[in-house]
Amino acid sequence: MATVEQCRAALGRLAEKLAGAEGAAKNAAAPDRSLSCRVTDLETTFLGRLSGGALTVHDTVRGRPEQRADIRFTLSSEDLLALVAGELDFARAWASGRVRLQAPFRDLLRLRSLL
C-alpha cells in the first residue's frame, strides 16, 4: 500500500505530463471540470480541477468529499501509482473493475484520449 504523500506525488507527475501534452490529450483536459480521485485503501480523496489543459490538485480529504465532482476516479493507491507510471493499462483496469470512472458521457468521450 502506498502512502498519501506518494499518491499526491503521483498526481503531481500526472499534472506535469498533462501540462506538456499536445493535441487530443491537451484538448481532453480543456473543459473546466471538478475532479476527485478517491483512493480506497487510504480512505482519502484528492480534489482538483481540470481546466485549460491543466490538472490542479487543491485539497485532500479523509473519506468521501461532501460535494460530488464532475469527474470521479476510484482506485487503490497501488493502482494509482501504476497508472501514472505507465505500468497499468487504464482500459484494462477499468474493464476489470480495478479503476472506476464516473463522468457525464460527453466527458468520458473526451477523456479517452487523455487516458
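Is Asp-79 buried or exposed? In this predicted model, Asp-79 is buried, with a relative accessible area of 8%. The cut-off for buried is under 20%. Asp-79 has a charged partner. Its side chain meets that of Arg-98 in a salt bridge, 2.5 Å from N to O. The pair links distant parts of the chain. Asp-79 sits in helix α3, and Arg-98 in the loop between α4 and β5 (100-102). They are 19 residues apart. Arg-98 is partly exposed, at a relative accessible area of 44%.

A search of the whole structure finds three salt bridges. Another of them joins Arg-49 and Asp-32, with 2.8 Å between N and O. Arg-49 lies in strand β2 and Asp-32 in the loop between α2 (23-28) and β1, so this bridge ties together parts that are 17 residues apart in sequence. Arg-49 is partly exposed, with a relative accessible area of 33%. Asp-32 counts as partly exposed too, at 43%.

Arg-62 and Glu-43 also meet in a salt bridge, at 4.0 Å from N to O. Here strand β3 (residues 54-62) supplies Arg-62, while Glu-43 comes from the loop between β1 and β2. The two are 19 residues apart. Arg-62 is exposed, with a relative accessible area of 61%. Glu-43 has a further feature. Its phi is near 50°, a positive value in a residue other than glycine. Most residues other than glycine have a negative phi.

Now turn to a charged residue without such a partner. Arg-72 is found in strand β4. Arg-72 is buried yet has no salt bridge. The side chain of Arg-72 does have a polar atom 2.7 Å from the backbone oxygen of Ala-69. Beyond its neighbours up to four places away in sequence, Arg-72 touches Ser-36, Arg-100, Leu-101 and Gln-102.

Next come the rings. A search of the whole structure finds two aromatic pairs. The rings of Phe-73 and Phe-90 have centres 6.5 Å apart and planes at 75°, so this pair is edge-to-face. Phe-73 belongs to strand β4 (residues 71-75) and Phe-90 to helix α4 (residues 90-96), 17 residues apart. Both Phe-73 and Phe-90 are buried. Phe-90 also pairs with Trp-94, and these rings are stacked, with 6.3 Å between centres and 15° between planes. Phe-90 and Trp-94 both lie in helix α4, four residues apart, about one turn of the helix. Phe-90 has a relative accessible area of 11%, whereas Trp-94 counts as partly exposed at 45%. Ring pairs link Phe-73, Phe-90 and Trp-94 into a cluster.

In soluble globular proteins, nonpolar side chains tend to be buried together. The largest nonpolar core here has 27 residues. Those touching the most other members are Cys-7, Cys-37, Val-39, Ile-71, Phe-73 and Leu-80. At least two core residues come from each of α1 (4-19), β1, β2, β4, α3 (77-85) and α4. The largest share, five residues, comes from α1. Val-39 shows some of the contacts involved. Leaving aside neighbours within four places in sequence, Val-39 is in contact with Cys-7, Thr-44, Phe-46, Leu-75, Ser-76, Ser-77 and Leu-80.

Finish at Thr-3, in the segment before α1. Thr-3 is partly exposed, with a relative accessible area of 34%. The C-alpha atoms of Thr-3 and Glu-78 are separated by 9.3 Å, though the two residues are 75 apart along the chain.

Key:
Residues are numbered from 1 along each chain as its sequence is written. This is a predicted model: local features need pLDDT of at least 70, side-chain atom pairs count only at pLDDT 80 or more; totals for chains, interfaces and linings use all residues. Side-chain values use heavy atoms; hydrogens and water are left out. Rings of Phe, Tyr and Trp (its six-membered ring) pair if their centres lie within 6.5 Å; planes under 30 degrees apart count as stacked, over 60 as edge-to-face and the rest as tilted. Buried means under 20% relative accessible area, exposed over 50%, partly exposed in between (1.4 Å probe, protein chains only). Lys and Arg count as positive and Asp and Glu as negative; His and the chain ends are not counted. A polar contact is a pair of N or O atoms within 3.5 Å; within protein, one must be able to donate a hydrogen and the other to accept it, and residues adjacent in sequence count only if both atoms are side-chain atoms. Contact means heavy atoms within 4.5 Å. A nonpolar core is a set of buried Ala, Val, Leu, Ile, Met, Phe, Trp, Tyr and Cys residues joined through side-chain atoms within 4.5 Å.
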